[in-house]
Amino acid sequence: MTTLRRTSSLKRTQQRMAVLFILPALAVYALFVLYPLAMSLWGSFFVWKGLRMVEFAGLSNFSRLFVFPSGARLYGALWHNTAWFFGIMAFQNGIGLLFAWLLFLRDKGTAFFQSVFFFPAVLSPVIVGALWRLLLAPGGVVEWALNGLGLHQGSLTVLGNSHTALGMLIAVDAWNWMGLPVLIYTAGLRQISGQIFEAAKLDGAGNARMLFSIALPLLMPALGTLTTLSFINTFNQFDIVYVMQGVQGNPSYSTDTLVTYFYRLAFGAEGAVGITDIGLALALGTMLFLILSLGTLMMLRFFDRRTVQL
Amino acid sequence: MSALAISGRPALSRQLARLPGWTVLAVWTAAVLLPLYILVVSCFKTTAEIYDNRLGLPRSWALDNFVNAWTRANLGHNFLNSLIVTGAAVVLTIVVSAMAAYPLSRYRLGWNAVMLGLFLSGIMLPIRLASVELFTLMRNLGLLDSLTGLILVYSAIRIPFAVFIFANFMRVLPSELDEAARMDGAGEVRILFQIILPMVKPAVSIVAIFTAIAVWNDFFFPLIFIFDDRYKTVPLAISVFVGQFRTDWGLVFASLAISMAPILIMYCLLARQIREGVGAGGGMK
């Protein structure tokens with residue numbers, strides 16, 4: 001009886017202590033993350049005058065988003081984000097797999113190469129963007145090097161050319177984050193039993209065969225993590241564009257992304273006069289929220305199903 | 001790893017077969033280090049020298065650019081702001097997240113899973129999309145143009161990841177730890193801070209490292225909340241410099257070098273923990 005009373009009094013104390021312990025974190029998190037996010041989703045169904053909610057608008061913000069003059073910006077940005085995602089998948093997560101595999105085949109230098117490759121990832125995208133903007137500028141060191149090697153003549157304008165600018169930003173982003181796939185793949189490869197590779201080698205499989213037929217299927221969880229992270233990062237892309245091309249996504253909106261467009265609508269740099277359109281901004285935010293959550297869920301399920309159990 | 005070492009062949013041809021691979025790795029190493037090398041040597045050059053002598057070492061190791069960046073461009077002030085915001089956000093995040101994770105991972109409350117799920121959902125939430133409402137909230141609370149505002153927002157954003165890490169580490173500690181302490185009459189606060197927290201030091205360092213990196217590097221929230229030069233953080237100041245001092249390249253390079261110095265130092269000291277933390281969870285950003 002006494003033990004019972006003691007456990008139940010302990011339970012009561014724990015319930016009370018738990019509330020006190022959780023409250024500070026919950027209050028900060030709810031006030032500065034959950035509340036504004038919920039209000040933003042809710043607000044996208046209203047007419048706005050400046051920063052004031054006026055009346056219920058149904059889906060009219062959303063329909064305005066897809067037509068003139070917003071439609072061109074929206075589809076442009078959507079396309080740039082999609083291209084960015086596939087560019088990162090190919091250049092960063094594809095080449096990253098090659099690097100991780102090469103490191104895995106060697107017993108020496110793994111930690112050194114991993115540290116070097118990952119270093120840009122701890123830098124602010126602002127620093128990375130500013131650095132590459134200086135290097136790639138007309139008169140910059142890349143122009144000088146290409147001219148010296150005879151690969152290019154005259155002024156280098158890759159960042160000012162609407163055909164090449166987006167590709168350059170994707171390359172800078174891949175340079176920034178290349179260490180991430182290398183670390184995640186290497187960790188994944190180390191979890192695969194060495195016996196599997198031994199057996200494959202006895203059967204006469206070469207390195208390429210082992211990578212694609214054995215390692216890759218077993219790396220599905222790593223690939224899933226990377227795909228999801230790249231998807232989230234790509235569709236939140238803002239810093240590199242802002243620093244290298246300005247908030248308009250210059251030249252002529254060719255590097256505009258969904259978040260830079262959102263920023264212009266919300267904080268006023270859209271159009272020559274810089275008027276904000278909060279209703280439109282919130283509708284874009286809600287749409288982006290749906291893209292991100294549904295996309296993430298679908299990817300997690302997709303890779304979950306393809307995970308090979310041994 | 002050594003499982004793959006090809007044992008039969010003589011050493012020389014084995015090394016030759018590996019040459020293409022080493023070359024690929026060396027090329028990317030150069031692609032990472034060369035821009036950083038150019039950044040470092042350009043800090044000590046005048047703009048004219050940067051044009052004349054692209055890759056060579058500077059004529060003299062003059063610190064003029066650093067001095068100018070620190071004082072004339074006022075980066076010193078931004079640096080201090082960034083240090084305050086980063087330090088305070090790291091401490092606040094660790095304290096409140098450890099407090100929340102302790103009962104969620106070690107008490108039987110009946111609602112642990114729901115509450116933990118509520119926190120964890122925040123890891124993936126795209127908080128930038130809430131920035132309009134967040135702006136209104138900050139204005140109403142009088143937190144625009146203040147470091148306190150930034151500290152609170154950053155802590156709020158980093159809490160989900162921190163709770164996740166702390167809960168994972170605390171869950172596996174043996175239950176005898178707190179039971180014995182409770183028998184001895186220790187209060188719950190003491191059990192958390194004097195017994196549990198010292199046992200999960202790796203979690204503390206993971207949370208501290210990744211929170212510090214994320215906060216030090218962030219640019220989006222100062223951009224929308226800070227208008228007064230007195231409260232600008234380093235990344236925001238840098239984004240202004242790049243446009244403003246476009247002709248004074250040495251100064252811009254020096255300010256980039258200054259702003260990455262704390263992260264570089266931390267990276268050199270903690271490279272192994274960072275590599276392992278990322279490899280294990282992919283839990284950055």
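This is a predicted model: local features need pLDDT of at least 70, side-chain atom pairs count only at pLDDT 80 or more; totals for chains, interfaces and linings use all residues.
Two residues are in contact if their C-beta atoms, placed from the backbone, lie within 7 Å.

Chain A contains 14 helices and two strands. Its C-alpha atoms fill a box of roughly 85 × 70 × 30 Å along the principal axes. The radius of gyration of chain A is 25 Å, whereas a compact globule of 310 residues would have one near 19 Å. Of those 310 residues, 43% count as buried. Contacts in chain A between residues at least 6 apart in sequence join residues at least 24 apart in 68% of cases.

Strand E1 (residues 46–49) and strand E2 (residues 52–56) of chain A pair in the antiparallel sense over four bridges. Across this pairing, A:Trp48 stands opposite A:Met53 in E2(A). E1(A) and E2(A) form a hairpin with two residues between them, and A:Gly50 in the turn has a positive phi of about 60°.

Chain B is more spread out than a compact globule, because its radius of gyration is 24 Å, well over the 19 Å that the globule rule gives for 285 residues. The C-alpha trace of chain B spans about 75 × 70 × 35 Å along its principal axes. Of the 285 residues of chain B, 43% count as buried. Among contacts in chain B between residues at least 6 apart in sequence, 75% join residues at least 24 apart.

One helix pair shows how packing looks inside chain B. Helix H5 (residues 75–106) and helix H11 (residues 201–217) of chain B pack at an angle of about 145°, and their axes are 9 Å apart. The crossing of H5(B) and H11(B) is right-handed. Residues of H5(B) in this contact include B:Val85, B:Ala89 and B:Ile94, while those of H11(B) include B:Val204, B:Ala208 and B:Trp216. The residues of the contact of H5(B) with H11(B) comprise 10 nonpolar, five polar and no charged.

How values were computed
Residues are numbered from 1 along each chain as its sequence is written. Chains are lettered from A and ligands numbered from 1 in the order in which they are written. Axes are lines fitted to C-alpha atoms, for helices over the stretch in contact, and angles run from 0 to 180 degrees between N-to-C directions. A crossing is left-handed if the near helix is turned anticlockwise from the far one by less than a right angle, and right-handed if clockwise. Ala, Val, Leu, Ile, Met, Phe, Trp, Tyr, Cys and Pro count as nonpolar, Asp, Glu, Lys and Arg as charged, and the others, Gly among them, as polar. Two strands pair if DSSP finds at least two bridges between them. The radius of gyration is taken over C-alpha atoms; the globule rule is 2.2 Å times the number of residues to the power 0.38. A residue is buried if 20 or more other C-beta atoms lie within 10 Å of its own, exposed if 12 or fewer, and partly exposed in between; C-beta atoms are placed from the backbone.
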